[in-house]
Amino acid sequence: AGLLLPFQVRLVMKAHSFIRENVPRVLSSVKDKSGTVHIPRISQYLYFLFAPTLIYRDNYPRNPTIRWGYVATKFAQVLGSLFYAYYIFVRLCIPQFRNSSQETFNLRGLVLCIFNSILPGVLILFLVFFAFLHCWLNAFAEMLRFADRMFYK
């Protein structure tokens with residue numbers, strides 16, 4: 001359930017953006033009583049669902065080709081980040097909590113355990129940022145030929 005929540009939030013945000021961009025168009029055409037109502041095609045909506053953006057547009061800038069070597073490099077970096085996060089957990093986090101679970105509870109031990117976990121926690125946050133927001137989104141942007149890659153703005 002915890003892994004599905006970010007994907008569900010992303011889908012809700014994308015649905016909100018889609019509705020927010022298209023409802024005013026439909027309402028203005030109904031108000032003007034014009035005969036043509038511009039409704040997006042299913043293919044446009046499906047592309048938007050997989051594109052690494054939260055702002056709906058009918059058309060996005062596209063690259064002419066897919067660089068498969070770039071995609072493979074980004075996925076390799078995601079795997080490397082996962083293995084490095086596993087190494088951090090095994091070497092730095094698990095021993096701290098394994099030792100604390102065998103001792104009786106005291107405030108000093110709790111504070112030491114928390115402070116010894118701060119640096120590994122920050123490293124894992126950086127790895128998640130790098131793996132998802134940089135590698136994963138760039139890999140999917142390349143496969144979809146999505147050219148507007150301003151993920152950090």
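**Starting from I114**

Modeller: I114 sits in helix α4. Helices here are DSSP runs of H or I with at least four residues, strands are runs of E with at least two, and both are numbered from the N terminus. Before we go on, this is a predicted model: local features need pLDDT of at least 70 and side-chain atom pairs count only at pLDDT 80 or more, while totals for chains, interfaces and linings use all residues. Residues are numbered from 1 along each chain as its sequence is written, and side-chain values use heavy atoms, leaving out hydrogens and water.

Back to our residue. I114 is partly exposed, at 47% relative accessible area. The scale calls a residue buried under 20%, exposed over 50%, and partly exposed in between, using a 1.4 Å probe and protein chains only. From I114 to C93 you go 21 residues along the sequence, yet the C-alpha atoms are 9.9 Å apart in space.

Stay in α4 and look at N138, which is also found in that helix. With 7% relative accessibility, N138 counts as buried. Helix α4 covers 107-143, and R145 lies in the segment after it. R145 is no glycine, but its phi is positive, about 60°. Its relative accessible area is 27%, which means partly exposed.

Now for a record. An unreviewed UniProt entry annotates residues 68-89 and 109-137 as "transmembrane region"; positions are in the numbering used here, feature names are shortened, and such annotations may be inferred rather than shown by experiment. In the model, residues 109-137 are 100% helix and 0% strand, with end C-alpha atoms 40 Å apart. Residues 68-89 are likewise 100% helix and 0% strand, and there the end C-alpha atoms are 32 Å apart.

Let's hop to the start of the chain. R20 belongs to helix α1, and at 59% relative accessible area R20 is exposed. R20 and I55 are 35 residues apart along the chain, with 9.6 Å between their C-alpha atoms.

Helix α1 (residues 4-32) packs against α2 (residues 42-50) at about 140°, and the axes are 10 Å apart. That makes the pair oblique: under 35 degrees is roughly parallel, over 145 roughly antiparallel, 65 to 115 roughly perpendicular, and the rest oblique. The axes are lines fitted to C-alpha atoms, for helices over the stretch in contact, and angles run from 0 to 180 degrees between N-to-C directions.

Who touches whom? R10, L11, K14, S17 and F18 of α1 meet Y45, F48 and L49 of α2, where contact means heavy atoms within 4.5 Å. By type, these contact residues split into 5 nonpolar, 1 polar and 2 charged. Nonpolar means Ala, Val, Leu, Ile, Met, Phe, Trp, Tyr, Cys and Pro, charged means Asp, Glu, Lys and Arg, and the others, Gly among them, are polar. As for α2, its buried residues are Q44, Y47, F48 and L49, and α1 is among what covers them.
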